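Here is a note for a colleague who is opening this structure for the first time. Please keep the view at hand while reading the points below.

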Amino acid sequence: MTVLSVSRRTASRRGVARTVRALGVVSASAALTVGLAGSAAACNINEFSAEAKCVGDKGVITVTDVDPAGVPATVTVFLENNGADEKKVGEQVVKGSREGVTITFEEDWEPNAEYRIHVKAKPYVDEDIKPNLTTPATACKEKEEEEPPAPSEPASTPSDSASTPPEDEDEPGTPAPSESGTGTTAPADTSDNAPSPAVGESNLAETGADSNTGLIAGIAAALVAVGGGAVFFGMRRRGANSDS
């Protein structure tokens, strides 16, 4: 009886020990699985993305975090030059979400420039976003200048241009106006200097007569009268001599 009881007690103890060991292994495996799953769901570098954009005529760099756990992460942006950090653009803390949270760095980037974005979220992430960010080939100001210009005002109609005198006084072939009015010579006015001929005299001028025609005619009439008188007296005297 004593031996049997001791054997039973020993067997039961061994069974309990085996059961405890099995439960420990299962618990440890479950804890490890949960821990790994939690770490994977907490934060990952693949949940971060970067982009170079334009806001008006200014350049910006945006970083978006889609970590559903919302683990705080410090994001640092560096400008690269020949594989080395040339300058630190800025540093911000972001708490992601399933929908995504975006932070903005103001940076007047040059075309085809390279930027390194580093993410640090303890104890999950401490690395760069791969590959490095390369900016577009066109700057923001150049994009703004490429916009089509505003439509110009309609050209004036031909009637408006014809009614408007030219304003250019130096145009070839156009005489410049004189200020005093003495530069131009007026044609001589002969009507004020010489008397206008009478209506009757204009006909005489056409036949070769002049203004002395009346005087000559008077003298001729007087000579004719004298000559006639001389002939009359001569004939009378001759008749008186023949009678005697």
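**Notes on the model**

1. Thr138 lies in the loop between β8 (133–134) and α2 (140–145), where helices (H or I, at least four residues) and strands (E, at least two) are DSSP runs, numbered from the N terminus. This is a predicted model, in which local features need pLDDT of at least 70 and side-chain atom pairs count only at pLDDT 80 or more, while totals for chains, interfaces and linings use all residues. Residues are numbered from 1 along each chain as its sequence is written, and side-chain values use heavy atoms, with hydrogens and water left out.

2. Thr138 is partly exposed, with a relative accessible area of 24%; here buried means under 20% relative accessible area, exposed over 50%, and partly exposed in between (1.4 Å probe, protein chains only). Although Thr138 and Pro111 are 27 residues apart in sequence, their C-alpha atoms are 5.5 Å apart in space.

3. Thr135 has its place in the loop between β8 and α2 as well, and at 3% relative accessibility Thr135 counts as buried. A polar atom of the Thr135 side chain lies 2.7 Å from the backbone oxygen of Glu110, and the side chain of Thr135 also reaches the backbone nitrogen of Ala113 at 2.7 Å. Such a polar contact is a pair of N or O atoms within 3.5 Å; within protein, one must be able to donate a hydrogen and the other to accept it, and residues adjacent in sequence count only if both atoms are side-chain atoms. Not counting residues up to four places away in sequence, Thr135 touches several residues, among them Ala52, Trp109, Pro111 and Tyr115, with contact meaning heavy atoms within 4.5 Å.

4. How many disulfides does the structure hold? The structure holds one, a disulfide being a pair of cysteine sulfur atoms within 2.5 Å. The disulfide joins Cys54 to Cys140, with an S to S distance of 2.0 Å. Because Cys54 lies in strand β1 and Cys140 in helix α2, the pair ties together parts that are 86 residues apart in sequence. The torsion about the S-S bond of Cys54 and Cys140 is about -85°, so the disulfide is left-handed. Cys54 is partly exposed, with a relative accessible area of 30%, whereas Cys140, at 4% relative accessibility, counts as buried.

5. Strand β1 also belongs to an open sheet of three strands, whose order is β1-β2-β5 and whose pairing is antiparallel; two strands pair if DSSP finds at least two bridges between them. The edge strands are β1 (48–55) and β5 (101–106), each of which pairs on one side only. Eight bridges join β1 to β2, and Glu51 has Thr62 in β2 as its bridge partner. The hairpin of β1 and β2 has two residues between the strands, and in this hairpin Gly56 takes a positive phi near 70°. Strand β2 (residues 58–65) pairs with β5 in the antiparallel sense over six bridges, and Asp65 stands opposite Val101 in β5.

6. For the chain as a whole, there are six helices and eight strands, which follow the pattern α-β-β-β-β-β-β-β-β-α-α-α-α-α along the sequence. Buried residues make up 18% of the 244 residues in the chain. Among contacts in the chain between residues at least 6 apart in sequence, 60% join residues at least 24 apart.
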